[in-house]
Amino acid sequence: MLRWVTMWCAAASLCAFQRPSHAVQVPLAAQTGPIDHSGPLANWPLDEPPNVNSTGNLVFETVNSLLQHWPNTRMRNGHNIVPGTIPPGTLLYHGTGRKEIPAGLEWTALDPQHAIPFCRLGFGVEGGCWLLTLITTRPLKVLYLDGNSAAKTSFGTLDAQDLLAWGEPRRDWMKDDEQRMQDLCAWSKEYGVDGFVRMEMSFEAILCSFTSGVNVISFLDVAEDHEPFNPMVVAEVMRAGSQHNRSPGETRVRLDLSGLVSFYDTALAPSLVSARFGLERWDHRLQNISQEDLTRVTTRLEEILARPAGHITSSGIDWMALIRVITDRYSERLELMQYLVNSIDNANLESLLDYTNKTQVELRLMLRPYILTSVTLPSPSNPNAKESKAAALNWARPVFKHCATTYTHGLDANVMTDSERLLLNAVRDTTREICRVVTGMWASGVVAGIDERLGGRDSELDMEAISALTKTWKHDLDGLMQWLDWNVWVKCRPECGPEEMCYLTTWPSGFPLDEIPPPTRDGPVPEAEDWKRPQPRSWVQNNRHTGGIKTTTFR
């Protein structure tokens with residue numbers, strides 16, 4: 001049904017940078033004696049990475065990805081449940097083969113392209129293709145389940161909702177979505193929940209009742225292809241989903257992060273720490289949660305849902321804005337530095353000096369708001385050969401601390417909900433590790449004498465030491481970016497042209513036959529090699545009638 005063509009792409013090129021001219025050094029004091037690290041800087045060592053079981057980075061990135069199609073397609077197994085609302089005046093769509101408006105529980109799509117294919121599914125040609133358009137008449141109270149939560153698979157996409165509905169994931173009920181939704185609606189009825197927001201090829205809203213909070217706008221028999229999921233129809237659904245790929249994502253759903261419940265909260269679900277130990281994030285599951293932890297999660301969620309409407313219980317902080325400010329500040333700079341470091345040719349003296357200087361400039365510019373005149377540089381006249389690498393960078397601890405605390409220093413945890421304190425710790429953990437690595441890289445360059453504004457030594461450059469430094473830079477930077485694993489770095493390279501669309505293998509297309517709905521008369525979709533760990537692909541949109549697909553390289 002879809003043709004797959006492999007194409008390897010060259011890495012994206014970046015703009016050239018002018019080599020900075022030598023200038024007068026910033027008047028920072030030279031270090032003449034040891035720094036006292038038993039005081040306020042004792043907890044800011046540059047050689048201590050995060051605990052292997054910490055989840056601050058995971059909470060940070062999953063929250064940063066809420067209601068965005070791209071990251072939740074890539075990492076399908078959701079870990080967050082967030083209360084929210086769909087505001088009045090929002091259009092919702094439902095496709096059916098019966099000329100009959102549902103009265104009870106049913107699904108709706110937030111984009112008409114997503115609804116239309118279902119008007120043929122299971123009804124054949126004779127029933128027509130009826131597109132029902134609804135409009136919300138009041139704010140609908142919903143729960144959002146992140147990840148690819150509408151994908152009917154057995155490897156984790158349904159875990160969170162199955163735990164709420166049945167207390168355990170049920171593979172034998174994997175495709176019984178109607179029963180799943182009925183039980184979720186029954187559980188949440190006493191809390192006034194109107195429905196659940198999930199993501200398939202695009203976003204959908206399951207309404208517990210089609211007669212509450214919505215009115216009918218139209219119910220039309222639309223012209224449609226006889227096959228519900230031919231390549232052109234699939235293309236349109238994928239295009240609808242891609243409209244919500246990146247921030248701000250699906251804006252027609254308003255989330256309340258002060259009520260976020262995360263299975264990455266180690267205080268809420270400690271049993272999952274050992275269950276995911278050593279696993280890549282693709283493979284994180286909720287199925288091994290203890291009964292005690294599940295009770296704690298559902299109790300927390302029920303308490304949040306029971307909060308009176310309009311009752312102010314949170315700090316009022318815009319957590320999504322804060323998280324995205326941090327992501328915007330660092331994502332492009334880290335990506336640029338990775339390009340610069342990877343461009344260094346250690347066998348070529350000119351390349352070595354050129355790219356190390358460019359990288360050092362970027363490091364200094366990134367830390368510029370945090371390098372104060374009170375920072376004491378290492379004394380060039382008194383090098384200590386016996387001093388450890390970490391101790392040699394102790395002078396940079398104030399920069400590390402100032403960088404890491406700048407976004408959270410004035411926030412009062414005492415006025416926050418439990419959910420907000422989780423978010424606060426996630427921001428703290430994430431900015432701490434970014435600043436630890438970046439400060440360490442910068443300070444190492446200063447000590448090596450390659451910072452043209454903050455020279456650490458007066459002697460000639462040790463090219464062998466600088467070559468070794470660049471290898472350490474690459475190791476540290478790659479480790480940081482792998483730890484952060486921000487989805488903003490996952491993209492087609494080179495970028496897609498006007499007639500192409502960058503996409504990730506999306507359920508049900510390209511999945512094994514036992515993980516997808518029954519095939520249409522066109523036959524099953526060929527299984528994609530990357531369905532478990534999707535990588536960016538380019539889709540030639542002007543060939544969408546034949547399914548023109550090509551593979552691109554990733555980072």
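Good morning, everyone. One point before we start: this is a predicted model. Please keep that in mind throughout.

Let's begin with the whole protein. It has 555 residues, and 54% of them are buried. The secondary structure consists of 13 helices and 16 strands. Now the contacts. Take those with a separation of 6 or more: 80% of them are between residues 24 or more positions apart. The accessible surface is about 24,800 Å², and carbon and sulfur atoms account for 52% of that.

Next, a single residue. Please find Thr-136. It belongs to strand S6, which covers residues 130-136. Is Thr-136 buried or exposed? It is buried, because its relative accessible area is 3%, and the cut-off for buried is under 20%. What does its side chain reach? It reaches the backbone oxygen of Pro-87, at 2.6 Å. Pro-87 is also on the list of residues that Thr-136 touches. That list leaves out residues up to four places away in sequence. It includes Ile-86, Pro-88, Gly-89, Thr-90 and Leu-92. Gly-213 and Val-214 are on it as well.

The protein has 12 aromatic pairs. One of them is Trp-130 with Phe-219. Their centres are 5.2 Å apart, and the planes make an angle of 40 degrees. That pair is tilted. Trp-130 has 12% relative accessibility, so it counts as buried. Phe-219 has 18%, so it counts as buried too.

There is also an aromatic cluster to look at. Phe-60, Trp-486 and Trp-489 form it.

Start with Tyr-330. Arg-329 lies over its face, 5.2 Å from the ring centre. Then go to Trp-44. Here the charged end of Arg-432 sits over the ring, 4.4 Å from its centre.

Now the disulfides. How many are there? The structure holds four. Count the bonded cysteines along the chain, and the pattern reads 1-2, 3-4, 5-6, 7-8. I'll show three of these bonds.

Here is Cys-185 with Cys-208. The sulfur atoms are 2.0 Å apart. The S-S torsion is -85 degrees, and the link is left-handed. Cys-185 lies in helix H5, residues 177-188. Cys-208 lies in the loop between strand S9, residues 203-207, and S10. So this bond ties together parts that are 23 residues apart in sequence. How covered are the two ends? Cys-185 is buried, because its relative accessible area is 9%. Cys-208 comes to 21%, so it counts as partly exposed.

Next is Cys-403 with Cys-435. Again the sulfur atoms are 2.0 Å apart. The torsion about the S-S bond is about -65 degrees, so this disulfide is left-handed. Cys-403 is in helix H11, residues 397-405, and Cys-435 is in helix H12, residues 418-448. So the pair ties together parts that are 32 residues apart in sequence. Cys-403 and Cys-435 are both buried.

The last one is Cys-492 with Cys-502. The S to S distance is 2.1 Å. With 90 degrees about the S-S bond, this link is right-handed. Cys-492 is in the loop between helix H13, residues 463-484, and strand S14, residues 500-503. Cys-502 is in strand S14 itself, and the two cysteines are 10 residues apart. Both of them are buried.

One more cysteine, and then I'm done. Look at Cys-496. The cut-off for a disulfide is within 2.5 Å. Cys-496 counts as partly exposed, because its relative accessible area is 25%.

That's the tour. Thank you.

Methods:
Residues numbered from 1 in each chain as written. Predicted model: local features only at pLDDT ≥ 70, side-chain atom pairs only at ≥ 80, totals over all residues. Heavy atoms only, no water. Helix = DSSP H or I, 4+ residues; strand = E, 2+ residues; numbered from the N terminus. Buried < 20%, exposed > 50% of the residue type's maximum accessible area, 1.4 Å probe, protein only. Polar contact = N/O pair within 3.5 Å; in protein donor to acceptor, adjacent residues only side chain to side chain. Contact = heavy atoms within 4.5 Å. Areas by Shrake-Rupley, 256 points an atom, 1.4 Å probe, with all protein chains shown as cover. Phe/Tyr/Trp six-rings, centres within 6.5 Å; stacked < 30°, edge-to-face > 60°. Lys NZ or Arg CZ within 6 Å of the ring centre and 35° of its normal.
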